[in-house]
Amino acid sequence: MARGWFTVNTMTTMTTLHESDIEALRADFPILAMRVNGRQLTYLDSGATSQKPRVVLDAEREFYETRNSAVHRGAHTLAALATEEFEEARETVARFVGASADEIVWTSNATEGVNLIAYALSNAGTAGADYAALALSPGDEIVVTELEHHANLIPWQQLAQRTGATLRFIPVDDEGALELALLQDIVTERTRVVAFSHVSNVLGVINPVAEIVARAHAVGAIVVLDACQSAPHLPLDLHALDVDFAVFSGHKMLAPTGIGVLYGRRELLNSIPPFLTGGSMITTVTMESASFLPAPQRFEAGTQRVSQAIALAAAVHYLTAIGMDRVATHGTRMSAQLIEGLSAIDGVRVLGARGERVGLASFDVEGIHAHDVGQFLDDRGIAVRVGHHCAQPLHRRLGLTASTRASGSIYTTAAEIDYFLESVADTRSFFGVAS
Amino acid sequence: MSAEDLQGLYQQLILDHAKHPRGRVLLTHPTAQSHQVNPTCGDEVTLSVQVHDEVIQAIGWEGHGCSISQASASLLATIVESLSVHDAGALLDEFRIAMRSRGQIELDEDHFGDAIALNGVSRYVARVKCAMLPWVALEHALADGE
């Protein structure tokens, strides 16, 4: 009996983040103590960029103060230590997303990751016989979805323009849900690449990865997953998801700016030509030509983002210590509170209310422009995102030019969301739209 | 900033103009027209003018966006009609200097009339672009000439 009780109690602690746990975590984030416009900061813009715990900030500083040197070049002691730590960071991040270290390429951010793939595929057309099979040409198709962030749309538009391939998209319905009934018609034998987001940065809805991957692989297409809004909030197993490439940004998952990850399935990563060329990505160089190292080094030309990679690993350790299952459960709870609370306010339309989501919601307050909603909230110390959130086509499809987005993280309390919801309700009387 | 400042930004006159905009129809036969977009928020203003003998004979606009950009367009339409191109340009410069002053310079009521309600904007750096949007459209339209 006693043992059973103990197990249940532990399970409860293990599977959720209680308000007291969050209060304790908050002490790790110096910025959360800030006052903004005379009010305690309520930071609900973690979807744009998360705040950073002290251990992450310290990791970066400590590296610069005690081990700073260039990696993968030079043989002095500090260079060896830095290289070792840099590669350990890769191992840490690989384990975190269910990948192998040699499948993890450092980038500046997810945007660079998508561009790297798009340019590598584009270079395949002119990089010699080894790569010819990957080249795109007229008649080939690239498929995205209508809810993509511009970072997972424009690089593909540009690739289509450069190669003569056609860009197609899986549309969304009036509610913002992907029209998966059209999947078979849109992803066909002509499809070479299918790129989509794991979690929409506007709707917060988790997309059905398995269904899309199954169809894409059935027709032999490469799958590129934008994991920017899932990596910080959900346990991620890229091998299990069976995607070919994935990208995400460190700064959205408690790490500094300037570091991102491109995951690529090992065989595929070694079969695409490099994008940026230069130092540290080669084996032999003559005045006429060069041969390249295997992945990931072949994609890491020039001096790398060493301190940022080490800080990202510190962020991953921090998240892992909390437990990504608990982080995900907390996200589900936040999303329920956001959706229920916003839906209960007269004149508020929540975008894409259906489906499982992370702790993020976008909404429209009838008669009040998003910028005005955001200004009112800012006056109360509440930071939200306003605008099109880099997803103009989705907003246009939903009949809007802009919306307001609240996005939480592990440090977001239920009390903060309540304060936010009250404040959203108050916008209506302030702007004179309450009936 | 405080709730008082927020009232200063969103004066009743601004909310009224945003809700019941003046001059919100494009001219059928403009001599010049300019479409301006604020790429960060998607706010849009198209402003059309009819200029003859260096005088703004008529002005009309269309657009959508936040209450600051829409009220600013509405107020602009009420004050620049029948001004000379030269005077409108001078007014524009005055408006821009006040908006960029971070609350240091107020709009002159003799020149701007009701549009002085926009004074509060200059303390909100992120919103200056909103108030400027229709004025930038005017600048481009006037630069296109008759």
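Predicted model: local features only at pLDDT ≥ 70, side-chain atom pairs only at ≥ 80, totals over all residues.
1. On helix 3 of chain A, the face turned away from the buried side carries the exposed residues A:Arg61, A:Glu65 and A:Thr66.

2. Residues are numbered from 1 along each chain as its sequence is written, and chains are lettered from A, with ligands numbered from 1, in the order in which they are written.

3. The buried residues of helix 3 of chain A are A:Val56, A:Ala59, A:Glu60 and A:Phe63. Seen down the axis of helix 3 of chain A, these buried residues fall within an arc of 90° and so line one face of the helix, the arc being that of the directions from the helix axis to the C-beta atoms.

4. Those buried residues of helix 3 pack against helix 11 (306–322) of chain A, where a contact requires the C-beta atoms of two residues, placed from the backbone, to lie within 7 Å.

5. For chain A as a whole, there are 15 helices and 17 strands, which are DSSP runs numbered from the N terminus (helices H or I, at least four residues; strands E, at least two). Of its 435 residues, 49% count as buried, and its C-alpha trace spans about 75 × 55 × 50 Å along the principal axes.

Key
Buried ≥ 20, exposed ≤ 12 C-beta atoms within 10 Å, placed from the backbone.
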